[in-house]
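Please open the structure in the viewer and keep the selection tool at hand.

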Amino acid sequence: MSRVVVIGGGFGGIAAALRARAKGHEVTLVDRCPRLGGRAQVFEKGGFRHDAGPTVLTAPFLFEELFALFGKRIADYVDIVPLDLWYRFHFPDGDTFDYGGGLDKTLAEITRIHPPDADGYRALLEQSRRIYDVGFTELADAPFHRFTFMLKQIPHLLRLGAYRTVWQMVARHVKHDKIRQAFSIQPLLVGGNPFDTTSIYGLIHFLERAHGVHFAMGGTGALVDALAKLMLEQGITIKLDTTVESIEVVGNDITAVVTGAGERIPADHLVSNADPVHLYNKLLPRSASKRSAKIKARHCKQSMGLFVLYFGTSRQYPGVAHHTIWLGPRYRELLEDIFKRKVLAEDFSIYLHRPTATDPSFAPEGCDSFYALVPVPNLTAGIDWATEAPKLRDRVVAALGATLLPGLAETIRADFYMTPEDFEYRYLSPAGAGFSIAPVFSQSAWFRFHNRGEGPRNLYLVGAGSHPGAGLPGVLCSAKVVDRLLPAATRTVARQALETAPA
């Protein structure tokens, strides 16, 4: 049986490990974190629990597929529930916009703010559907390592307006500034600036409308635990608290990975869920990487950084939604500060996560659990986070206390935070980027890091930095691409089961 080693236990690595196992390979997954999930770690402090990473669950069928590979039902492992309200947008003037549920609810909210934009939103949704039909349904799990394949897609991409940014796409259809902000914010959820991100990512509108927004009871960590249980049931070896320091290459083949403890793990195939820049710059011998990978690793544009404040409260705030986008006084100008000028501004916008709105188990009785995520410049900005992080923490607490969470300065409990420096250290994320490389057109599809490694012939890539990109649907689809590329072992899992079954 051939041996597949997976570096990195994020969702892309987990999905790749399961798909490789379903093809009959002996699979070992190695991760430097204390538990599986990559950035989807779970933090607990003072009786409060926090999902550290992704919290917005869309396209749950991509998770269901992983269990179905082995004849299992995801419902037997974790309870995933739909949310009626997907996001509540909170504007600086105190106005709100509730997005989610049925189309009629969304149209009613738009009409309340600016009636002419109701028809514009219908047109925007239809444009999103057309992009979804090509960009997601046809191409999200298609290998893009051949330039000839990319050339064939150019007419489709031009017809869909992929050369436009998400902001330009949205602004063509809706006119009110609040509505434009609400419907252009999605690229930030995958690390992109709406004014630079290709409108291909506008498919998120239809993705949410087609499949809804969900939550795993117990949090994203419970979903990771369910997948970990499935992996162990299928005989996948999991090595945690283990960092891969180098990759051994002989000729044009990877033969093993070597850990920080000096352990050599043989590999017939290697799937990397590590950041591609780290992979090509730090793990592979320079001579083993193709020129294309070296150029991308040297010149790629990283996504923004993240400041994340985790905290509990000694009281509940029942009027606060599960997902809230708290918008600051500036929009385009703030994004330019983050992505282009690379300065830490006094103002900010916040994604506020309140899981206790759906699952009270995240906090002691009568309390709430939160995290406040603030997009900030990545480490190329040279910000002194030891000095600036405590100041930003206090500004975030003051801003939320004056708006959504009155009295927060008195009710806050057990708070702590992560900065881009933590992302660099914990996850080996170059420049402390929150979402690997930015989702601009020049770093999408064939221009992104290829799923078939640009180096040894038995190297494959999954995760946010590879095609199709960041976000849970993106990284899960990257594993589907690798599933297409990875040859099957000589014996499938089903065949092994038959051979080992009692007579």
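Select helix H8, residues 203-211, in this predicted model. The helix is mostly covered, since 7 of its 9 residues are buried. The buried residues are Leu203, Ile204, His205, Phe206, Leu207, Glu208 and Arg209. After H8 comes Gly212, which has a positive phi near 80°.

**The largest pocket**

Next, select Arg32, Cys33, Pro34, Arg35, Gln41, Val42, Phe43, Tyr425, Arg426 and Tyr427, which form the lining of the largest pocket. The space inside amounts to about 160 Å³. Which element supplies the largest share of this lining? Helix H15 does, with 3 residues. Both H15 (420-427) and strand E3 (42-45) contribute at least two residues each. By type, the lining comprises 6 nonpolar, 1 polar and 3 charged residues.

Pro34 lies in the loop between strand E2 (26-30) and E3. Is Pro34 buried or exposed? Its relative accessible area is 58%, so Pro34 counts as exposed.

**A nonpolar surface patch**

Select Phe147, Leu151, Ile154, Leu158, Tyr163, Phe441 and Phe447, which together make a nonpolar surface patch of about 640 Å². One of these residues, Phe147, belongs to helix H5 (residues 147-159). Phe147 is partly exposed, because its relative accessibility is 39%.

**Salt bridges**

Side chains of opposite charge can pair when their charged atoms come close. The structure contains 35 salt bridges. Select Glu65 and Arg19, whose side chains form one of them, with 3.1 Å from N to O. This pair links distant parts of the chain, as Glu65 is in helix H2 (residues 61-68) and Arg19 is in helix H1 (residues 11-22), 46 residues apart. Glu65 is partly exposed at 25% relative accessible area, whereas Arg19 is buried at 9%. Both residues take part in a network of salt bridges that also includes Lys23, Asp141, Lys480, Asp483 and Arg484.

Finally, select Glu126 and Arg129, which form a salt bridge with their closest N and O atoms 2.6 Å apart. Both residues are in helix H4 (residues 117-138), and because they are 3 residues apart, about one helical turn separates them. An α-helix has 3.6 residues a turn, so residues three or four places apart point the same way. Glu126 is partly exposed at 31% relative accessible area, and Arg129 is partly exposed at 27%.

Note on methods:
Residues are numbered from 1 along each chain as its sequence is written. This is a predicted model: local features need pLDDT of at least 70, side-chain atom pairs count only at pLDDT 80 or more; totals for chains, interfaces and linings use all residues. Side-chain values use heavy atoms; hydrogens and water are left out. On a 1 Å grid over the protein atoms alone, a cavity is a set of points where a 1.4 Å probe fits but cannot get out, and a pocket is an open set with protein on both sides within 12 Å along at least five of seven lines; lining residues have an atom within 4 Å of a point. Grid points are joined across faces, edges and corners, and a volume is the space filled by probe spheres set on the points. Helices (H or I, at least four residues) and strands (E, at least two) are DSSP runs, numbered from the N terminus. Ala, Val, Leu, Ile, Met, Phe, Trp, Tyr, Cys and Pro count as nonpolar, Asp, Glu, Lys and Arg as charged, and the others, Gly among them, as polar. Patches are made of residues with over 30% relative accessible area and no salt bridge: like charges are joined within 9 Å, nonpolar side chains (Val, Leu, Ile, Met, Phe, Trp, Tyr) within 5 Å. Accessible areas come from the Shrake-Rupley method with a 1.4 Å probe; for residues, only the protein chains shown count as cover. A salt bridge is a side-chain nitrogen of Lys or Arg within 4 Å of a carboxyl oxygen of Asp or Glu. Buried means under 20% relative accessible area, exposed over 50%, partly exposed in between (1.4 Å probe, protein chains only).
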